[in-house]
Amino acid sequence: MNIKNAQLEVDNWIKEHGVRYFNELTNMAQLTEEVGEVARIIARRYGEQSEKESDKNKDLGEELADVVFVVLCLANQTGVNLQEAFDKKMHLKTNRDHDRHHNNQKLK
């Protein structure tokens, strides 16, 4: 599925199941919360913090999907074509960062 279709799918879901979008500030707070849940899993599962027993069954993929869902909501309600923005960003990063990363001694 491409990003454009994902945006449409989220919009249809909101209209069918969600009644309406939360306002942008509420969605921004939700995004922060979801990113925090991802950070908690990463810090404990892959970082140096010990993982609590209650966190061991948390699904990283599900939490990342929550982040994507809220980002798509924000894009929809602010009129951002995320597919276009992503494609533009990848082009920019490819041109800007190719040699920089290949020449970075820290990555060798």
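Among contacts in the protein (heavy atoms within 4.5 Å) with a separation of 6 or more, 63% join residues 24 or more positions apart. This is a predicted model, where local features need pLDDT of at least 70, side-chain atom pairs count only at pLDDT 80 or more, and totals for chains, interfaces and linings use all residues. Residues are numbered from 1 along each chain as its sequence is written, and side-chain values use heavy atoms, with hydrogens and water left out.

Now to the fold. The protein has four helices and zero strands, counted as DSSP runs (H or I, at least four residues, for helices; E, at least two, for strands). Along the sequence the pattern reads α-α-α-α. The radius of gyration is 17 Å, well over the 13 Å that the globule rule gives for 108 residues, so the protein is more spread out than a compact globule. That radius is taken over C-alpha atoms, and the rule is 2.2 Å times the number of residues to the power 0.38.

Some whole-protein values are handy to have side by side.

| Property | Value |
|---|---|
| C-alpha box along the principal axes | roughly 50 × 45 × 25 Å |
| Accessible surface (Shrake-Rupley, 1.4 Å probe) | about 8,300 Å² |
| Carbon and sulfur part of that surface | 55% |
| Buried residues (under 20% relative accessible area, 1.4 Å probe) | 22% of 108 residues |

Finally, the record: an unreviewed UniProt entry annotates residues 23–99 as "domain: NTP pyrophosphohydrolase MazG-like", and such annotations may be inferred rather than shown by experiment. Over residues 23–99 the chain is 77% helix and 0% strand, with its end C-alpha atoms 41 Å apart.

Notes: Buried means under 20% relative accessible area, exposed over 50%, partly exposed in between (1.4 Å probe, protein chains only).
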